[in-house]
Amino acid sequence: AMGSIAISKNGKLLYSKAIGYNLYNDDQKIPATENSAYRIGSISKIFTAAIIFQLIEEGKTSLATPLENYFPQYPHSASITIGHLLSHRSGIRNMTSISSKETPRTQEEMLTIIAERTLKCRPGKKTSYSNSNFLILGYIIEKICGKSYAAVLEERIVSKMGLNHTYYGHKAVMEKDECFPYRFKKDWVQQPQTDISIPGASGGIISTPTDMVLFIEALFSKKIISENSLNTMKTITDGHGMGFLEFEFDKKKALGYIGGIDEYESVLAYFPGDSLAIALCSNGRVYPMRSIAIGSLNICFDK
C-alpha cells in the first residue's frame with residue numbers, strides 16, 4: 001500500500017506508521033514519513049464547517065442566513081440558507097464534469113459553472129450530497145472575514161491547535177514532504193493533480209493523519225467550537241450532519257468523513273464513546289483503505 005495511519009485515544013497518540021513513497025519514479029524513490037502530507041479531499045469539509053460555526057457563535061452569520069446575503073446573483077439564493085449548505089440540503093448539484101481540472105479557476109468562474117445546472121430538488125426537501133455546498137461556504141467565509149480561506153484556516157484552527165502539517169493546498173512539492181498521487185499499472189505511475197481552486201473549501205486541505213486525529217480530538221473537546229455548536233454539527237439526517245458523516249463499527253458509532261481527490265484517499269473517524277480517533281491517508285490506491293481501517297479498529301477494540 002501507499003499511505004499513513006494514526007490512532008489516538010484520550011488525547012494520546014497510540015500508533016502511527018507510514019508506508020510507501022512521497023515520490024516514486026525511475027530516478028528517485030523518496031520514502032514516506034509520518035510527517036508526509038496528503039490531500040485529504042472531503043475531510044476538508046469538517047474544517048470548513050467548524051469555521052462557519054465559529055462565525056455563527058460570533059454573530060457574523062447564522063444557520064438561517066440566506067445565500068442571497070452573499071451572492072444575490074445566484075439563482076434561488078433567497079431560498080437557500082447556510083444551514084442547507086452545511087447539511088447538503090440546498091438542492092445545488094454536485095460539480096462533477098469540469099474540464100481541464102489542472103487549470104486554475106476564479107471564484108466567478110466556479111459560481112457560474114455551479115449556477116448553470118438546475119437545482120436537484122427544492123431547498124430543504126431532502127439530503128443530496130454536493131461538493132458545491134462547501135465550495136460556496138468557503139467563499140462565504142472569505143466574504144465575512146475579508147481574507148483568503150487559507151489565511152482564515154491558518155488563523156482560526158491551524159495555529160491555535162498546533163497543526164504543524166496542515167494547510168490549504170497546492171500541487172504537491174517535493175521540498176515540503178508532500179506526497180504525489182499514483183496509480184498502479186504494473187508499477188506506480190504518477191497522476192495529474194486537480195488545481196486546488198476547483199475543490200476549494202470542499203476538498204482543498206493538505207494534512208497528515210497525526211494532525212487529523214489531533215484536530216478531531218480538539219473539536220470534540222470543545223476547543224474549537226462550543227458544545228452547542230458541536231451538537232448541531234452532530235445532528236444526523238439521512239447519514240449527514242453539518243460537516244460530519246456517521247459511521248458504524250461493531251455497533252459503535254463514529255463521526256468523521258471520507259475524502260477522495262485524484263488518487264488520494266483519506267478517512268477520519270472519531271468514536272465519542274471510546275474517545276478514540278483514527279485517520280488514514282493514501283496517495284496510491286492498491287489495497288482497500290476500508291480493509292486497513294477495519295483491521296486497525298479490530299485491533300483497537302480487541303476484536
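Colleague: Let us start with Ser90: in the loop between which two helices does it lie?

Modeller: Ser90 sits in the loop that runs between α2 (82-86) and α3 (107-115). Please keep in mind that this is a predicted model.

Colleague: What makes Ser90 buried or exposed?

Modeller: The relative accessible area of Ser90 is 0%. Buried means under 20%, so Ser90 is called buried.

Colleague: How do you know that the side chains of Ser90 and Asn133 make a polar contact?

Modeller: Their distance is 2.5 Å, and the cut-off for such an N or O pair is within 3.5 Å, so the pair counts as a polar contact. The side chain of Ser90 also reaches the backbone nitrogen of Ile92, at 3.0 Å.

Colleague: What about Ser282: where is it found, and is it buried or exposed?

Modeller: Ser282 belongs to strand β13 (residues 276-284). Its relative accessibility is 7%, and the limit for buried is under 20%, so Ser282 counts as buried.

Colleague: Why are Asp250 and Asp262 called partly exposed?

Modeller: Asp250 has a relative accessible area of 45%, and Asp262 has 23%. Asp250 lies in the loop between β10 and β11, while Asp262 lies in the loop between β11 and β12.

Colleague: What is noted about phi in Asp250 and in Asp262?

Modeller: Phi is near 50 degrees in Asp250, a positive value in a residue other than glycine. For Asp262, phi is near 55 degrees, again positive in a residue other than glycine.

Colleague: Now helix α6: why is it described as largely enclosed?

Modeller: Of the 12 residues of α6, 10 are buried, so the helix is largely enclosed by the rest of the structure. Among the buried residues are Met212, Val213, Phe215 and Ile216, and also Asp211 and Glu217.

Colleague: How do you know that the span of α6 is close to the expected one?

Modeller: Helix α6 (residues 209-220) reaches 17 Å from its first C-alpha to its last, and 16 Å is expected at 1.5 Å a residue. Just after α6, Lys222 takes a positive phi of about 60 degrees.

Colleague: What makes β1 and β2 a pair?

Modeller: At least two bridges are needed for two strands to pair. Strand β1 (residues 2-9) and strand β2 (residues 12-19) have 7 bridges, in the antiparallel sense, so they qualify. One example is Ala6, whose bridge partner in β2 is Ser16. The two strands form a hairpin with 2 residues between them, and Asn10 in the turn has a positive phi of about 55 degrees.

Colleague: Why are β5 and β6 called edge strands?

Modeller: The open sheet has 3 strands in the order β5-β9-β6, with antiparallel pairing. β5 (38-39) and β6 (167-168) each have a single partner strand, so one side of each is left without a neighbour in the sheet. β6 pairs with strand β9 (residues 205-207) over 2 bridges, and the bridge partner of Tyr168 in β9 is Ile205.

Colleague: What makes the largest cavity a cavity, and which residues line it?

Modeller: A cavity is space where a 1.4 Å probe fits but cannot get out. The structure holds 1 cavity of 30 Å³ or more, and the largest has a volume of about 40 Å³. Its lining includes Tyr38, Arg39, His170, Glu178 and Tyr264. By class, the lining divides into 6 nonpolar, 2 polar and 2 charged residues.

Colleague: Which residues lie nearest the centre of the largest pocket?

Modeller: Phe247, Ile258, Val267, Arg290 and Ala293 do, out of 19 lining residues. The pocket holds about 380 Å³ of space, and its lining divides into 12 nonpolar, 3 polar and 4 charged residues. β10 (245-249), β11 (252-261), β12 (264-271) and α8 (289-300) each supply at least two lining residues.

How values were computed: Residues numbered from 1 in each chain as written. Predicted model: local features only at pLDDT ≥ 70, side-chain atom pairs only at ≥ 80, totals over all residues. Heavy atoms only, no water. 1 Å grid on protein atoms, 1.4 Å probe; cavity = no way out; pocket = protein on both sides within 12 Å on 5 of 7 lines; lining within 4 Å. Points joined across faces, edges and corners; volume = space filled by probe spheres on them. Nonpolar A, V, L, I, M, F, W, Y, C, P; charged D, E, K, R; others polar. Helix = DSSP H or I, 4+ residues; strand = E, 2+ residues; numbered from the N terminus. Expected span 1.5 Å × (residues − 1). Buried < 20%, exposed > 50% of the residue type's maximum accessible area, 1.4 Å probe, protein only. Polar contact = N/O pair within 3.5 Å; in protein donor to acceptor, adjacent residues only side chain to side chain.
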